Amino acid sequence: MRVFKGAQIIAGTAVLALGLAACGGGEEAPNPAAGGEGSAAAPIVVEIAEPQHELVPGNTAETSGAEVLNALFIGLVNYDADKKPINQIAESITSDDQTNWTIKLKDGYKFHDGTPVDAQSFVDSWNYTANGANAYEANYFMGSIAGYGEMNPVDPDGDGPKAAPAATATTLSGLKVVDPLTFTVQLANPFSGFPTMLGYTAFYPMPKAAFGPDGKVTAAYGESPIGNGPFKMAKPWKRGVETRISLVRNDDYAEAKAKVEAVDFAIYTDLNTAYRDLQAGNIDIMDQLPAEVIASAKAELGDRYIEQPSSGIGYLGFPTKVGADYAKSAELRKAISMAIDRKTITEQVFSGTRVPADDFISPVVAGYRQGACGEACTYDPVKAKELWDANGGPQAGSIELGYNADGGHKEWIEAVANNLRTNLGATVEPKPVEKFATILDDLGADKWKGLFRMAWIMDYPSPENYLKPIFAANAGSNYSGFNNKEFEELLKKADSAPTVEEGIASYQAADDILLKELPYIPVYFYQTNGAFSSNVKNVKIDPFERIEIANVERA
Amino acid sequence: MSDTLTEQKPKSVKPPKQKKPASLWSDAWYDLRRSKVFIIAAVMIAVLVVMSIIPGLFSSVNAFDPSTCDLTKARQGVSGLHWFGTDNQGCDTYSRVIYGARISIMVGVFSTLVTTLIGGLLGLLAGFYGRWTDTILSRVAEIFFAIPSTLGALLILALVGRDNAGIWTVVLALSVLAWPMVLRIMRAAVMSAKSQDYVLAARALGAGPGRLMSRHILPNAVAPVIVVATMNMGVFIAAEAALSFLGVGIQSPDISWGLMIADARNRFLQAPEALLFPALFLSLTVLAFVMLGDAVRDALDPKLR
């Protein structure tokens, strides 16, 4: 579940307010990145936020930790410019029935400690992540593999008093090692997009050295992970204590060596501080800029400014089964959607860092159709009002707009509220809630009646990831209660197509059902706004919003 | 409260010294009329009060009408159409500042009323009866006094929750923590008045506690409370803005200066007007009440004469 709350944005603005009050200009903010090293071996410095956990692949489902792991590890596949998987460690990933997959590895890849990257290292790593007892963040990524259910029994009443039944397995029955360079994967259901998942952080292999005598991943490994990638740890990193993660080049790397000798990841709590350090040349790369500086950054940095579509989509969702009257009617949902002026909101509130959404599938993956949403996502206050009045909108009561107050959402929610008040003549109550989790819990308990804000970042570049986890009847992140037989059938058909490409038409047909029913209203697509200093060149950001660090060169 | 107060009006034009023996109140009023600080403060407060009662008099735009906001015109600077520019939602900052006065004034007035009535009454009882009445009331007051006021108000409002937050919860949160200050001042004033000769004389003539308190002690002990109440008004207005700024006080779509400042702070460099004008009005309002309190104290405190 990668619904996200945009915490980093608010962290930036809160500290900005303090900064304004405290210093008022002139002096430079304290710079955690300032180092005393000589210029010859000075590392390239990349801005990140503090990783959520120690650096273990299976326990990393957020972008900052993934950024570091991406330098330390490589996966079975990588992605080309069109977000299609290309084999990296994998020699081949094949299947006849889209359920039973055979993965063959190339020989010659080694971990930083010299042990070979073999089939067992993948299977061990995946099993450990899939084990519910370890409570790893990326646990649910293993959910498509056969045997996951036995390892992660469902709690019959959610967070209620009844305990979940004990797990009946500690390894995935779907994973089998055939020989040191071959293993097979049996999925629970056919899924042609399986190879696209395998480049993600959760699917990295871990060496034998990661596991202690008790079979658990050791604390020392979390501080100093042994990977198989172009960089290795220069020294262990203590989370919460040290604000820099230092990496040096892995000279035994099987592929082309990284272009720079050393990389430091500098941890910032405030994007504005980081941006000032970038301007001052203290850090070299940021993959995210504070919204306030976007306009000036474009002009100031020229081609050192990066702007590209990101995989995130922002929605407004409805509890379609248990919500208020306006949430239950597809026509009223459409009227609300048509009354929102997406273009002005993205321009004025987000300063152009978001673009109006017009599909449920993000532009970064194959299957996106420009303007697929059509009339429903086009701002038309007159038609919206007609539709609203004709379907009993005025009798549906006041519209609630729920959002989490800690994620920087107030401005756009208020703008939507003004749109709805003016265009539909409705009473609108924006409803800030302390934490996003509160809304999700209320939705889970059928207590939330009004609209709620929602966002999704893809887990892997496949149109399936924008449909099934959010809108399939029993999906983990289905908060709208959407349940449509035809939709399910189309997804099944698409998943069992021989290739992803052949499945796309069915995914799009399923997408059309969503666009007609609108259980969520797509509001905006996120953009990635990054920048780099004049010390470096060839900076690229991949579809997971990670910097392709091995290719970065000194300018 | 007392009949001596009513003497203010008819006799106020001429210096009253010759015609009638001067009371504390007539002397004070005489002083006040000659105080520049008082006149400036009074004019400012009068304007603010009118603004909060009939905002339409100052602004032709109804700030509560969402259709007057145009997002395409967000964060514009000062212009003939928008005197104070526009905010992040494209709403007219001038009309919002005008309409925002009401909540500030209401919170100030009602919090002051509640604290003065509760604190004043309990202070009178504590000071007059002394002994265990005083002990109990003073200890209870000290318990409330020990709670840091901003922290306490945050806690109360967090418990109340955003859904129920509004002007009355803010008044409640501020009053609950501020009444002990009034109690202390009233108690001290009553205790010193209680031992005065005229009180002892009245007691000797057989006056009961009710008569003693209302006719003899209260009129002579109320002056310091009035000074504190006037100054508190400004403090309460600033506190309301602070709580709204922190997100626990007044909630949108109600308009409060603190809320406007909070909304505008992230884009301060792009659109400083949206923050500066509500902040200016907030400062002026607080200043006006503090100045008024200052002038009243100068007039009422015999030691300063």
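Q: In which crossing does α9(B) pass α10(B), left-handed or right-handed?
A: Left-handed. Keep in mind that this is a predicted model.

Q: Which residues make the contact there?
A: From α9(B), they are B:Trp257, B:Met260, B:Ile261 and B:Ala264. On the α10(B) side you have B:Ala274, B:Leu275, B:Pro278, B:Ala279, B:Phe281 and B:Leu282.

Q: At what angle do the axes of α9 and α10 of chain B cross?
A: Roughly 155 degrees. The axes come within 8 Å. Angles over 145 degrees count as roughly antiparallel, so α9(B) is roughly antiparallel to α10(B). For orientation, α9 covers residues 257–264 of chain B and α10 covers residues 273–300.

Q: Now α6 and α8 of chain B. How many Å apart are their axes?
A: They are 9 Å apart, and the helices pack at an angle of about 160 degrees. So α6(B) is roughly antiparallel to α8(B).

Q: And the crossing, left-handed or right-handed?
A: α6(B) passes α8(B) in a right-handed crossing.

Q: Which residues of α6(B) and α8(B) make the contact?
A: Those of α6(B) include B:Val170, B:Leu174, B:Met181, B:Ile185 and B:Lys194. Among those of α8(B) are B:Ile217, B:Asn220, B:Asn232, B:Phe236 and B:Glu240. The residues of this contact divide into 18 nonpolar, 2 polar and 2 charged.

Q: Switching to chain A. How many helices and strands?
A: Chain A has 17 helices and 19 strands. Its radius of gyration is 24 Å, close to the 24 Å from the globule rule for 555 residues, so chain A is as compact as a globular protein of that length.

Q: What does its C-alpha trace span along the principal axes?
A: About 70 × 65 × 45 Å.

Q: What share of the residues of chain A count as buried?
A: 50% of the 555.

Q: And what share of the contacts with a separation of 6 or more comes from residues 24 or more positions apart?
A: In chain A, 69%.

Q: One more residue. Where does A:Gly444 lie?
A: In helix α14 of chain A, residues 436–444.

Q: Is that residue, A:Gly444, buried or exposed?
A: A:Gly444 counts as exposed, because 12 C-beta neighbours lie inside 10 Å. The cut-off for exposed is 12 or fewer.

Q: How many Å separate the C-alpha atoms of A:Gly444 and A:Pro319?
A: 10.0 Å, although the two are 125 residues apart along the chain.

How values were computed. Residues numbered from 1 in each chain as written. Chains lettered and ligands numbered in written order. Predicted model: local features only at pLDDT ≥ 70, side-chain atom pairs only at ≥ 80, totals over all residues. Axes fitted to C-alpha atoms, helices over the stretch in contact; angles between N-to-C directions. Helix = DSSP H or I, 4+ residues; strand = E, 2+ residues; numbered from the N terminus. Parallel < 35°, antiparallel > 145°, perpendicular 65-115°, else oblique. Left-handed = near helix turned anticlockwise from the far one by under 90°. Contact = placed C-beta atoms within 7 Å. Nonpolar A, V, L, I, M, F, W, Y, C, P; charged D, E, K, R; others polar. Rg over C-alpha atoms; globule rule 2.2 N^0.38 Å. Buried ≥ 20, exposed ≤ 12 C-beta atoms within 10 Å, placed from the backbone.
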